[in-house]
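Subject: Structure for you to look at

Hello,

I am passing on a structure that you have not worked with before. Please look through it first; my notes follow below.

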Amino acid sequence: MHARTAPVEARPKIAVCGVTKRYGAAVLNGLDLEVAENEFVTLVGRSGCGKTTLLNIIAGLVEATAGEVLVDGVAVTGPGRGKGVVFQAQALFPWLTAIRNIEFGARSRGLDAAACRAEAEQLLALVGLAGYGDRYPSQLSGGMQQRVAIARALAQDPQILLMDEPFGALDEITRIEMQDELLRVWSTRRKTVLFVTHSITEALVLSDRVVVMGGGGIVGEYPLDAPRPRSRADPRLAALHERIWEHLR
Amino acid sequence: MRWVERPWFQGAACVVVLLALWEGASALGWLKPFQFPPPSRIAAASWEMVVAGFPTGTRIGQHALVTLQRIFTGFALATVVAIPLGLLIGRVPALDQLTLPIVTFARSVATLSLLPLALLWFGLGETSKVMLIAYACFWVMLTNAIAAAKYVDPVLIRAARTMDARGPALFFRVILPAATPRLLAGARVAIGIGFMVIVGAEMIATVAGLGALIMEARTFYRTDVSIVGMIALGVLGFAFTAGLGWLERVLLPWHRGLAEVRR
């Protein structure tokens, strides 16, 4: 798939076109969203506003009632290794050690065993868990488990990375550490990221653009160009936090 | 800690005291030896079972071996069919709904109530005994295999699908390992049930096996020998439960204490 007809910049990495999803009532209603290559976009909104549903539709795990999603201009018809997903919690295979969980992701690329191991070792070190490869998920803390989950998703070398409240189950301190970690990892392995969160602060610290959802659609977009790492005490972030909060209420 | 305070010592002391009371009550004539043979008689009968056997020539080891063979043949037959079938039913909701009434009914039928039919269908030989064990084990293994496949955490399957695992790869790399703890738990229960059913199954048309020994000794007023048979069954059952527990720890090092965390 070479972009012969149009320059890469002109085509969004992810294009959500008029997506509607009904479970009885409409959860998503003709939603449009575009995410550029290597952009980090967060989705914030109340519980039940359809953030996770939208993420699952983009991942190909849930079928839209109407509309379509394009990744690199190709319609999404199901889940696959091009669309890496980090789930909220406990999605590691409990019978596999940390390193083998990551190898599971690498294997989807068709790498041989040695290459899988090498890639997994490298990613394990990248997420700061060198030496923990032989631990089972049950022997790791919640934060460590999510580091492994991020490494596993990166191991499949996806076109896009979808993260569904990956730090939602973590305590506040671990959560802040993980946000910094994610940015560090993202700076070495640049990906297009769509990140769902409840936390406005988390969205402001992480993303290039905060998308506010409500009523089955997008109700506001807030681009940020503040350089990273961002101070959580930055007055510009505080002002933006206030505006988004007003919007959500 | 002094050895007197150790739990194993206190447990052992309790058993010794009870046995001494029992022996004393027997010696004083409070307990009839035919109904409650004293520990010394049981010990003597145990030795007799080791060297001479009952009926003479059939030693305790042979009885145990015959019984174990029946239990394991039945268990193996049941498992080989029940695991693949149960995993299939558990992954196909339509099949699950279709088979639920049959499964619920069949597992509720007390196995030993099938003894007359089993004798009619499979004759007086080994087959009827093995088939009864197989029947009892089958429904336990089947219901566990169905539940094992059905309750695989959906997020694990979703995660696997995002990594291109589908079809046989999804089954062998995700569903089967996720189901294994429950399959082993089912095997443990099934073996236990096998040990219960075998006594009844061996009541008829055989003199070999621990169940037969227990019944046969009773008709000769050898209550002491019956009790030796009971003890042997208890010891074997205990050993196999412990063995399966060990196997579980070896096969599922990741699973320790996880059951409580997950659901």
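Chain B has an average pLDDT of 90, and 97% of its residues score at least 70; pLDDT is the predictor's confidence in each residue, on a scale from 0 to 100. For chain A the average is 92, with 96% of the residues at 70 or above. This is a predicted model, in which local features need pLDDT of at least 70 and side-chain atom pairs count only at pLDDT 80 or more, while totals for chains, interfaces and linings use all residues. Residues are numbered from 1 along each chain as its sequence is written, and chains are lettered from A and ligands numbered from 1 in the order in which they are written. For the complex, the predictor gives an ipTM of 0.90 and a pTM of 0.85.

Each chain has a stretch where pLDDT stays under 50: residues 258-263 in chain B and residues 1-6 in chain A. Two residues are in contact if their C-beta atoms, placed from the backbone, lie within 7 Å. Counting contacts beyond four places in sequence, the model has four for the stretch in chain B and five for the stretch in chain A. Where pLDDT is low, the predicted coordinates should not be read in detail.

Overall build

Chain B has eleven helices and zero strands. Helices (H or I, at least four residues) and strands (E, at least two) are DSSP runs, numbered from the N terminus. The radius of gyration of chain B is 23 Å, well over the 18 Å that the globule rule gives for 263 residues, so chain B is more spread out than a compact globule. That radius is taken over C-alpha atoms, and the globule rule is 2.2 Å times the number of residues to the power 0.38. Along the principal axes, the C-alpha trace of chain B spans about 75 × 60 × 30 Å.

Chain B is divided into domain 1 (1-31) and domain 2 (39-262), with bounds that come from an automatic or database domain assignment. The centres of these two domains, taken over C-alpha atoms, are 34 Å apart.

Chain A contains seven helices and ten strands. Its radius of gyration is 18 Å, which agrees with the value near 18 Å for a compact globule of 249 residues. The C-alpha atoms of chain A fill a box of roughly 45 × 45 × 40 Å along the principal axes.

Where the chains meet

The contact between the chains takes 20 residues from chain A and 13 residues from chain B. On the chain B side, α7 (154-162), α8 (168-201) and α11 (258-262) each supply at least two residues. The largest share, six residues, comes from α7(B). By class, this side of chain B has nine nonpolar, one polar and three charged residues. Here Ala, Val, Leu, Ile, Met, Phe, Trp, Tyr, Cys and Pro count as nonpolar, Asp, Glu, Lys and Arg as charged, and the others, Gly among them, as polar.

A helix pair in chain B

The axes of α4 (residues 93-108) and α6 (residues 126-150) of chain B come within 10 Å and cross at roughly 145°. Axes are lines fitted to C-alpha atoms, for helices over the stretch in contact, and angles run from 0 to 180 degrees between N-to-C directions. From α4(B), Asp96(B), Val103(B), Ala106(B) and Arg107(B) meet Trp139(B), Leu142(B), Thr143(B), Ile146(B) and Lys150(B) of α6(B). Those residues divide into five nonpolar, one polar and three charged.

Backbone details

Most residues other than glycine have a negative phi, and most peptide bonds are trans. The bond joining Arg228(A) and Pro229(A) is cis, with omega about -5°; Pro229(A) is found in the loop between β10 (217-223) and α7 (235-248) of chain A. In chain B, the peptide bond from Phe54(B) to Pro55(B) is also cis, with omega near -10°, and Pro55(B) is in the loop between α2 (39-51) and α3 (60-91). Asp157(A) has a positive phi, near 45°, and lies in the loop between α4 (142-155) and β7 (160-164) of chain A.

Regards
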